[in-house]
Amino acid sequence: MEYPTGRSAIGSKAPVFEINYNKGIALFGSHVDYDRWKVAMSDEMNFKIFGELRYRLSGGGFLNRNRVSIPDLQHFNGNQTFYNFNYLNSFQLAPYYQYSTDARLYGTVNVEHHFNGFLTNKIPLFNRLKWHLVGGANAFYVNSDNNYVEAFAGLENIFKIIRVDVVAGYQTQAPTRVGVRVGFGGILGSAVFNN
């Protein structure tokens with residue numbers, strides 16, 4: 001919208017699409033030769049009293065992988081710390097570089113549902129805290145030996161800014177991991193990290 005004093009963006013009900021293409025060219029003695037692509041789709045769907053669903057789907061791979069060095073591989077955003085803030089583009093318990101790949105095709109899914117008091121408002125005394133439930137799952141698949149799935153449930157809006165999740169990560173080549181992550185949710189998380 002255009003106002004006399006400036007412009008203001010209006011949100012869209014359509015998902016956001018991203019397309020990315022990288023070409024590694026050998027210049028000045030470098031040893032790279034690859035073509036990497038990636039497409040992604042993300043959206044936030046508001047179900048009013050039933051909460052809000054946020055998701056991000058992506059896929060990509062290497063068309064040409066003649067010479068791919070370690071920094072140019074596809075790295076999935078792992079997290080081995082106690083803290084998280086980028087929920088829709090990361091995996092909360094995955095090791096940092098264990099699943100890096102130069103595969104021709106891979107896919108990722110990140111989904112979370114914010115219940116916004118839909119369930120917690122029905123619990124006496126607990127509803128006065130105004131804490132909200134959040135749950136979801138993150139996954140990526142490269143092949144039968146390189147895949148990862150994690151599910152999480154947590155509480156957000158603690159002191160209006162803190163979010164705490166309990167996460168279980170399932171891997172094909174390692175035992176199941178369970179951990180706790182603390183991050184920003186509620187007012188601060190929505191205002192800062194979603195924009």
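Where is Lys-48 found? Keep that in mind while you read; the answer comes in point 6.

1. **What you are looking at.** This is a predicted model, in which local features need pLDDT of at least 70 and side-chain atom pairs count only at pLDDT 80 or more, while totals for chains, interfaces and linings use all residues. Residues are numbered from 1 along each chain as its sequence is written, and side-chain values use heavy atoms, with hydrogens and water left out.

2. **The overall plan.** The chain's secondary structure comes to 1 helix and 11 strands. Here helices (H or I, at least four residues) and strands (E, at least two) are DSSP runs, numbered from the N terminus. Following the sequence, you will read the pattern β-β-β-β-β-β-β-β-β-β-β-α. The C-alpha trace spans about 65 × 60 × 25 Å along its principal axes.

3. Look for an open sheet of 9 strands, with mixed pairing and the order 3-4-5-7-8-9-10-11-6. Its edge strands are strand 3 (16-24) and strand 6 (83-84), each of which pairs on one side only. Two strands pair if DSSP finds at least two bridges between them. As a reminder, strands of a sheet pair through backbone hydrogen bonds, either parallel or antiparallel.

4. Then strand 8 (residues 132-143) and strand 9 (residues 146-158) run antiparallel, joined by 11 bridges. For a landmark, find His-132, which stands opposite Glu-156 in strand 9.

5. **The nonpolar core.** Which residues make up the largest nonpolar core? There are 12 in all: Phe-76, Phe-91, Leu-93, Ala-94, Tyr-99, Ala-103, Tyr-106, Phe-140, Val-142, Tyr-148, Phe-152 and Val-167. Strand 8 and strand 9 each supply at least two residues of this core. A nonpolar core is a set of buried Ala, Val, Leu, Ile, Met, Phe, Trp, Tyr and Cys residues joined through side-chain atoms within 4.5 Å. Buried means under 20% relative accessible area, exposed over 50%, and partly exposed in between (1.4 Å probe, protein chains only).

6. **Two lysines in loops.** Back to the opening question: Lys-48 is found in the loop between strand 4 (33-46) and strand 5 (52-67). Lys-48 has a positive phi of about 55° although it is not a glycine, and it is exposed, with a relative accessible area of 69%. Lys-130, in the loop between strand 7 (106-114) and strand 8, has a positive phi of about 60° and is not a glycine either. Lys-130 is partly exposed, with a relative accessible area of 48%. For background, most residues other than glycine have a negative phi.

7. **Whole-chain totals.** Of the 195 residues in the chain, buried ones make up 38%. Among contacts between residues at least 6 apart in sequence, 54% join residues at least 24 apart. The chain exposes about 11700 Å², with carbon and sulfur atoms supplying 63% of it; these areas come from the Shrake-Rupley method with a 1.4 Å probe.

Key: Contact means heavy atoms within 4.5 Å.
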